[in-house]
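Please walk me through this structure.

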Amino acid sequence: MTRRVVITGMGTVNPLGHDVETTWKNLLECRCGIEMTELFDASTYPTKFSAEVKDWSFWDKLPQEIQEKHKNAARNSKLMIAAAYQAWQQAKLPASLNGQDQINAGKVGVYLGAGEGPVDFDNFIAAAAASWDNTTNSMAWDKWAQVASSRLSAEKEIEQEPNMPAAHLASIFGLRGPCYSCLTACAASTQAIGEATELIRNGQADILVTGGAHSMIHPLGVTGFNRLTALSTRNDDIKTSSRPFEIDRDGFVMAEGGSAIILEELESALKRGATILAEVVGYGSTADAFRITDQHETGRGGAAAVKLALEDAGMKPEDIDYISAHGTGTSENDKIETLVIKSVFGEQAYKTPISSVKSMLGHLIAAAGATELITCITAIRDNIMPPTTNLKTPAPECDLDYIPNAPRKAQVDVCMSNSFGFGGQNNTIIIKKFSRDA
Amino acid sequence: MPNRRSVITGIGLVNALGIGKDACFDAMLNGAIGIKPTVAFSAKDFPCQLAGEAPEVKMNQMVPKSHRKSVKLMSRDIEMAVLAADAAMQDSKLNTRANNPEGPIDIDPTRSGVIIGAGSMCCDLAELSQAVSTSLTDGVFDLKKWGAGGMESLTPLWLLKYLPNMLSCHVSIIYDLQGPSNCITCGESSGLMSIGEAHRQIARGKADMILAGGAESKVNAMCVMRMCLKKFINTSSNDTPEKASRPFDSDSKGMISAEGGAIVILEDREKATARGAKIYGEITGFASSFNQSLDSTDLFIPEIDCQGTRTAIENALAMAGITAKDLDLVVPHGCGVPAYDKAEAKALETVLKDALDVPVLATKSRFGLAGAGASAIDAVIAITAMERGIIPATLNCEKPIDGCKLNFTNKGNVTRTIKHVLITSVSMGGQTSAMVISKTE
């Protein structure tokens with residue numbers, strides 16, 4: 001029989017809170033984490049706003065030893081460490097597995113969907129600015145080398161590598177099990193949680209710290225998405241700029257943050273007396289294999305992921321009480337995601353409550369899926385579903401129940417969370433209220 | 001549910017020694033070294049002026065007509081992945097929509113996947129610098145100018161060239177692979193960990209066929225600069241490129257940046273047998289772990305005995321149901337950075353203590369360290385050695401580090417029947433993994 005995988009800890013640092021409870025309260029109060037961008041001067045950018053993590057006091061709450069040892073970590077790694085520390089505490093695991101014999105550290109690991117660290121912009125761009133020779137129309141590599149070698153630092157550079165958030169966690173908690181990180185764009189942390197579930201089911205690990213962290217709110221990150229015209233440019237009404245499923249939605253809003261979820265094999269959790277928050281019961285992962293720039297117009301990849309997750313959970317559409325949508329607020333995503341749900345759920349699609357917390361949180365890119373899954377865990381715990389805010393006039397092609405503008409109380413036992421990445425990678429997770437009998 | 005067996009039915013690589021598993025392997029048997037003065041950018045003002053660069057290829061001739069428009073979205077990292085995938089698919093003789101757009105095809109697209117490890121993917125610095133040159137005020141970058149329109153000198157799809165998942169995405173589109181698709185970003189361990197994950201996916205029935213491996217170009221001024229700043233790169237052999245990369249040698253002064261990629265095609269055994277595929281072997285053991293540096297604040301220095309690597313190897317051997325004595329070949333990570341090589345050598349000596357005569361092939365002296373492509377390249381070389389029954393010589397390792405007792409093939413090519421091979425990898429940052437590949441009975 002396949003080993004069961006449960007959730008025994010969660011933690012988050014995001015634009016709406018530096019812990020799960022604050023975030024959840026703010027989401028249920030329909031608060032919005034979007035403000036004018038402060039991390040850099042975006043005053044002339046097409047998009048001048050974003051959802052930033054403000055006030056780094058959460059970092060001060062970490063044990064001195066961790067703060068000191070990991071002080072050079074990049075912003076994404078710091079967000080990850082803070083989130084993972086909360087989750088680890090909630091799971092009641094020993095501060096470090098190093099030098100203890102209660103838990104086999106070789107069976108405890110990490111599987112993150114984490115982004116790269118933000119570029120050391122001022123210094124990086126200074127090298128670029130010094131290096132283009134307009135007279136020869138070519139790169140002056142000597143100048144680049146000179147500026148780069150004098151201004152860039154080894155620590156800041158190497159901390160940008162996407163494997164670093166996972167490495168920091170393994171080091172802090174003293175882990176010897178698998179230490180994975182994946183980066184499938186906006187689907188990354190959902191994929192990480194899914195693959196982590198599989199690793200535990202398959203016996204390669206008993207406990208895994210999963211989730212993700214990302215911060216692309218830097219001049220080049222926003223440049224990239226502005227050039228793609230993927231971001232909202234509603235600079236005159238930023239608090240309602242993230243409008244998933246709304247008729248005049250004009251793009252997503254960039255956010256940043258880190259979220260962690262501790263996955264644990266059921267017997268291990270029971271043996272330790274850990275509090276079980278929910279059970280992961282289904283996972284599906286597919287690719288559109290269609291185009292680099294567009295989702296498949298029928299949503300075939302997303303539909304296949306949803307279907308696989310249902311099959312994996314041994315469930316039917318009517319078993320799903322709530323869907324946490326990818327719901328980015330781009331014209332394409334919301335239309336196709338609606339199609340995806342209809343194509344798998346049929347008539348049941350109209351009876352299934354769906355919402356996008358990105359309407360309040362913005363889009364945490366690689367960290368989005370894990371953050372959204374945390375809201376599914378709290379939805380199950382409190383029997384209340386977070387809303388899609390800013391939804392006054394749904395687009396005609398978006399005709400499902402998106403829980404508009406106010407949270408809704410209802411019995412919530414089973415939640416589905418969708419994440420679709422740029423380039424066509426689709427991942428769906430299903431979690432369920434825990435009960436001893438499967 | 002019993003785990004299904006997957007077998008290796010195609011392998012392909014690209015690196016400084018060529019494209020395709022045989023080109024590289026033959027070059028190795030002939031004593032070739034692909035490390036040369038850097039061509040991709042003018043490196044005369046860089047401390048290290050050497051690199052292991054792969055051949056330039058006209059990419060629009062390498063992809064199906066339907067995907068030609070997307071060639072302009074391929075950064076060098078993506079090219080490496082696409083070239084390695086092409087070589088592996090040709091080797092597997094699988095018909096897909098790439099080589100047979102009118103059908104018939106041999107795969108069920110919804111049951112076929114791709115997992116390719118990638119690195120951090122720095123953008124094209126020349127392209128960026130040219131774009132930035134329109135947003136200067138008195139020679140200094142002006143963010144306001146950039147935001148107000150300067151950024152428009154970058155092509156609208158600029159970002160899509162540098163997302164790590166795009167390696168897998170391009171490959172999924174070319175061959176119509178609609179099943180599991182992932183992008184592992186675990187530094188130099190990415191390739192091996194991707195192959196390990198693919199193996200698990202097939203074993204657990206999630207797919208029937210997966211292209212897995214890794215690719216990266218570290219021959220980018222930014223990547224080279226990072227290694228220079230970190231003092232991991234060899235800066236003292238610019239005049240002797242062939243001697244520059246010296247894994248496990250006591251004279252090693254650091255690694256040499258390289259580019260490359262490799263793909264292994266895993267298929268469900270029954271399906272592969274049914275189509276009469278050539279079967280190279282199968283993954284019998286895989287494990288990964290973490291090389292924790294306990295005392296240092298520097299996560300980039302591995303613990304001195306690579307305990308994590310040892311754990312991974314022991315678990316991989318146990319999963320394969322063999323002991324060190326059963327191994328016929330070990331292909332270690334051996335990147336050429338002395339701290340890493342010393343630690344890895346210690347781990348290997350410990351695990352191989354009763355089997356120190358097992359031949360060890362350190363490959364990086366031939367073509368450098370290709371980041372996320374590195375361990376997948378090693379896997380393909382190991383599989384080729386198993387296929388041919390010959391192990392290429394380990395060059396530039398005349399006097400092994402710290403009196404290390406491993407049996408490096410440093411006296412020449414070695415003929416040997418290979419039944420079980422062990423491959424290890426260690427990332428800068430600590431991810432480590434070990435894989436046992438065995439001949440299929």
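This is a predicted model: local features need pLDDT of at least 70, side-chain atom pairs count only at pLDDT 80 or more; totals for chains, interfaces and linings use all residues.

## From a sheet to the chain contact

Strand β4 (residues 108-112) of chain A pairs with β7(A) in the parallel sense, over three bridges. Within this pair, L112(A) stands opposite S181(A) in β7(A).

Now widen the view. β4 and β7 belong to an open sheet of 10 strands in chain A, with mixed pairing. The order is β7-β4-β8-β9-β1-β10-β16-β15-β11-β12. At the edges stand β7 (179-181) and β12 (354-355) of chain A. Each has a single partner strand, so one side of each is left without a neighbour in the sheet.

Next, turn to where the chains meet. Chain A gives 75 residues to the contact, and chain B gives 74 residues. On the side of chain A that touches chain B, helix α6 (residues 141-151) of chain A supplies the largest share, seven residues. That side of chain A divides into 36 nonpolar, 28 polar and 11 charged residues.

Follow α6(A) across to chain B. How do two packed helices get described? By the angle between their axes and the distance between the axes. The axes of α6(A) and helix α7 (residues 221-229) of chain B come within 11 Å and cross at roughly 40 degrees. The two helices, α6(A) and α7(B), are therefore oblique to each other. Their crossing is right-handed.

Which residues make this contact? From α6(A) come W141(A), W144(A), A148(A) and S149(A). From α7(B) come A221(B), M225(B) and C228(B). The residues of this helix contact divide into six nonpolar, one polar and no charged.

Notes:
Residues are numbered from 1 along each chain as its sequence is written. Chains are lettered from A and ligands numbered from 1 in the order in which they are written. Two residues are in contact if their C-beta atoms, placed from the backbone, lie within 7 Å. Helices (H or I, at least four residues) and strands (E, at least two) are DSSP runs, numbered from the N terminus. Ala, Val, Leu, Ile, Met, Phe, Trp, Tyr, Cys and Pro count as nonpolar, Asp, Glu, Lys and Arg as charged, and the others, Gly among them, as polar. Two strands pair if DSSP finds at least two bridges between them. Axes are lines fitted to C-alpha atoms, for helices over the stretch in contact, and angles run from 0 to 180 degrees between N-to-C directions. Angles under 35 degrees count as roughly parallel, over 145 as roughly antiparallel, 65 to 115 as roughly perpendicular and the rest as oblique. A crossing is left-handed if the near helix is turned anticlockwise from the far one by less than a right angle, and right-handed if clockwise.
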